[in-house]
Amino acid sequence: MSDTPLQVNCPTCGKPVIWNEQSTYRPFCSKRCQLIDLGEWADEEKRIPSSGDQSDSDEWSEEEK
Ligand SMILES: [Zn+2]
């Protein structure tokens, strides 16, 4: 009945990860994804996300009239 393995999605890449003893880096799918989440990977690549969210949030200023 409860043979279904618990499965989660890797927070970094979204890849399904089986939650068991073999998944050393759970909830991450790999060490790489774990490092990415910790920021170490990003630091190594010097890949800084653009400061200031550039999402299109112009829509709700329209509603304020
Ligand atoms: Zn991953």
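**The metal site**

Author: With angles of 103 to 120° among its four donor atoms, the site of the zinc ion is tetrahedral; please keep in mind that this is a predicted model.

Reader: Which residues coordinate the zinc ion?

Author: The SG atoms of Cys-10, Cys-13, Cys-29 and Cys-33 coordinate the zinc ion, at 2.3 Å. Along the sequence, these donor residues follow the spacing C-x2-C-x15-C-x3-C.

Reader: And which parts does the pair Cys-13 and Cys-29 tie together?

Author: Cys-13 sits in the loop between strand E1 (7–9) and strand E2 (16–18), while Cys-29 sits in the loop between E2 and helix H1 (31–38), so the pair ties together parts that are 16 residues apart in sequence.

Reader: How do those two count in terms of accessibility, Cys-13 to begin with?

Author: Cys-13 counts as partly exposed because its relative accessibility is 45%, and Cys-29, at 28% relative accessibility, also counts as partly exposed.

Reader: Switching topic, how many helices and strands are in the protein chain?

Author: The protein chain has three helices and two strands, and when it is read along the sequence they come in the pattern β-β-α-α-α.

Reader: What share of the residues is buried?

Author: Of the 65 residues in the protein chain, 8% are buried. The chain exposes about 6000 Å², of which carbon and sulfur atoms supply 47%.

Reader: And what about contacts between residues 24 or more positions apart?

Author: Among the contacts in the protein chain with a separation of 6 or more, residues 24 or more positions apart account for 5%.

Conventions. Residues numbered from 1 in each chain as written. Predicted model: local features only at pLDDT ≥ 70, side-chain atom pairs only at ≥ 80, totals over all residues. Heavy atoms only, no water. Donors = N, O, S within 2.8 Å, 3.2 Å for Na, K, Ca; no water. Tetrahedral: all angles 85-135°; square planar, octahedral: opposite > 155°, others 65-115°. Helix = DSSP H or I, 4+ residues; strand = E, 2+ residues; numbered from the N terminus. Buried < 20%, exposed > 50% of the residue type's maximum accessible area, 1.4 Å probe, protein only. Contact = heavy atoms within 4.5 Å. Areas by Shrake-Rupley, 256 points an atom, 1.4 Å probe, with all protein chains shown as cover.
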